[in-house]
Amino acid sequence: MDVPSWVERLARGDKAALARAITLVENRAPGARELVRQAFLRGGSSLVVGLTGPPGVGKSTLASGLARAFLGRGRRVGVLAVDPTSPFSGGAILGDRIRMQEAAGEPGVFIRSLATRGHAGGLCRAIGDSIRLLEAAGFDPILVETVGAGQGEVEVMRYADTVLVLLMPGLGDDIQAIKAGILEIGDVFVVNKADLPGADRMVRTLELLLELKPLPPGTWRPPVLAVVARDMVGVEELTQAILDHAGHLKGSGGWEARRAAQAEAELGDALQEQLLGAVVGRAKEAGEWGRAAARIRERQSDPYTEAWALVERFGPGLSAPHAPED
Amino acid sequence: MEGKIRVLVAKPGLDGHDRGAKVVARALRDAGFEVVYTGLHQTPDQIAEAVIQEDVDVVGLSILSGAHNTLVPRVIELVKKKGGRQDLLYLVGGIVPREDVDYLRAAGVSEVFGPGTPTEDIVAYIRQHAKG
Ligand SMILES: Nc1nc2c(ncn2[C@@H]2O[C@H](COP(=O)(O)OP(=O)(O)OP(=O)(O)O)[C@@H](O)[C@H]2O)c(=O)[nH]1
Ligand SMILES: [Mg+2]
């Protein structure tokens, strides 16, 4: 793989190259790591906006609307939309594009559907690297749509500078929202489908709940916006709210704080992935993996003891960077 | 490298329902493929963009309107123009008269599946021919 020429194609905004690069990352293809490394060293300046909320709330429709609104402000917009992989077949239906047709035709928009491939938390393993590749290709902002599972989407905070939490009238028990911890993760709350009855009440309930939260002075107070994504009503205001939040983050040191937390989380992930891959690989080569598993199965030993024994035996002297998948 | 076969299922043109396309999409998912489904009334340009951005291995075009001879070659041509992959597998589903099948093959289509083709046949064909 000729990494410099790929990096150059990305920098030119070549969509075919970008799309291919994302596939390589998803498939842990050899060479992908160096490409991501190059992209990483150049990236870090695009605004990443997460969209999360229950199934059918309008995340894809809103992503499309936001893409058009940002396009109108002269930005090139990337969209990454994640849908669940079937645990039974390993296949997936990626249908978010259906609701993004109006943005999909724009030269300044790039949309990619991704499957979770067994990754828990509402995103996929390749999401961080895909964001980086989009950054390298000059997309800013990057909109990330989580799976609409209704739980566990907290992971979007790991990648997003601004998290949009979408709700809609008729979701039933409004209080459900607090239970799910969703008030904690939203930087901007969107009550979508405001054309339907009950939207005003939902906005007021959310505002009330948010006001109850004690916030130190100078802290961002998440606004609640009524939106009809399907008809582009309120999308301009939302776009402004997103930019306001980003501005607030940058002015208050919040941007740096989030990026620092992200860096730590990513370091932890990378350590886990690489160390695990390397130790498991070496243990298997030596035949020790199967023997350790057998001892556990026979109740001669326990998993923690065996795992640590593998780390002690196979951890030292690992040749870096050992890519477990390459 | 842990590849997954990615398939775009698209409906170009104006014909009104996508039941067949959805059945095929689900069968492909159940076979372990990742299926990008884009819905009804797609223009060739929209489909070609989706082919590029989604980096699919297989393009399945479902056409019942009879306009396959114009729509399908147009999609293939646009994908080429936009710098798409050379190793793409193009499949067409729908009612295609025999004389048109040859025309579509010449334009780059690998296989045409008539109405009522068992989905297992389509799955098997993709397994055998897609790059993956
Ligand atoms: N009434 C109304 N319907 C809307 C609005 N926005 C989206 N919808 C509809 O809601 C349905 C779901 O929209 P999507 O954008 O696919 O929702 P989603 O959250 O992305 O769904 P998943 O990805 O499946 O979780 C579609 O039929 C949309 O047309 C709106 O503002 N008002
Ligand atoms: Mg969606």
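Chain A has 14 helices and 8 strands (DSSP runs numbered from the N terminus: helices are H or I with at least four residues, strands are E with at least two). The radius of gyration of chain A, over C-alpha atoms, is 22 Å, close to the 20 Å that the globule rule gives for 326 residues, so chain A is as compact as a globular protein of that length (the rule is 2.2 Å times the number of residues to the power 0.38). This is a predicted model: local features need pLDDT of at least 70, side-chain atom pairs need 80 or more, and totals for chains, interfaces and linings use all residues. Residues are numbered from 1 along each chain, and side-chain values use heavy atoms, without hydrogens and water.

**Overall dimensions**
- The C-alpha trace of chain A spans about 65 × 50 × 45 Å along its principal axes.

**Shell of ligand 1**
- Around ligand 1 are 17 residues (a heavy atom within 4 Å).
- A:Lys59, A:Ser60, A:Thr61, A:Lys193 and A:Asp195 come nearest.
- Helix 4 (residues 59–72) of chain A gives the largest share of the shell, 3 residues.
- The shell divides into 4 nonpolar, 6 polar and 7 charged residues.

**Polar contacts of ligand 1** (N or O pairs within 3.5 Å)
- One oxygen atom of ligand 1 is 3.1 Å from a polar backbone atom of A:Gly56.
- An oxygen atom of ligand 1 is 3.0 Å from a side-chain N or O atom of A:Asp96.
- A nitrogen atom of ligand 1 is 3.3 Å from a side-chain N or O atom of A:Asn192.

**Burial**
- Taken alone, ligand 1 exposes 650 Å², and the protein buries 78% of that (Shrake-Rupley method, 1.4 Å probe).

Notes
Chains are lettered from A and ligands numbered from 1 in the order in which they are written. A polar contact is a pair of N or O atoms within 3.5 Å; within protein, one must be able to donate a hydrogen and the other to accept it, and residues adjacent in sequence count only if both atoms are side-chain atoms. Ala, Val, Leu, Ile, Met, Phe, Trp, Tyr, Cys and Pro count as nonpolar, Asp, Glu, Lys and Arg as charged, and the others, Gly among them, as polar.
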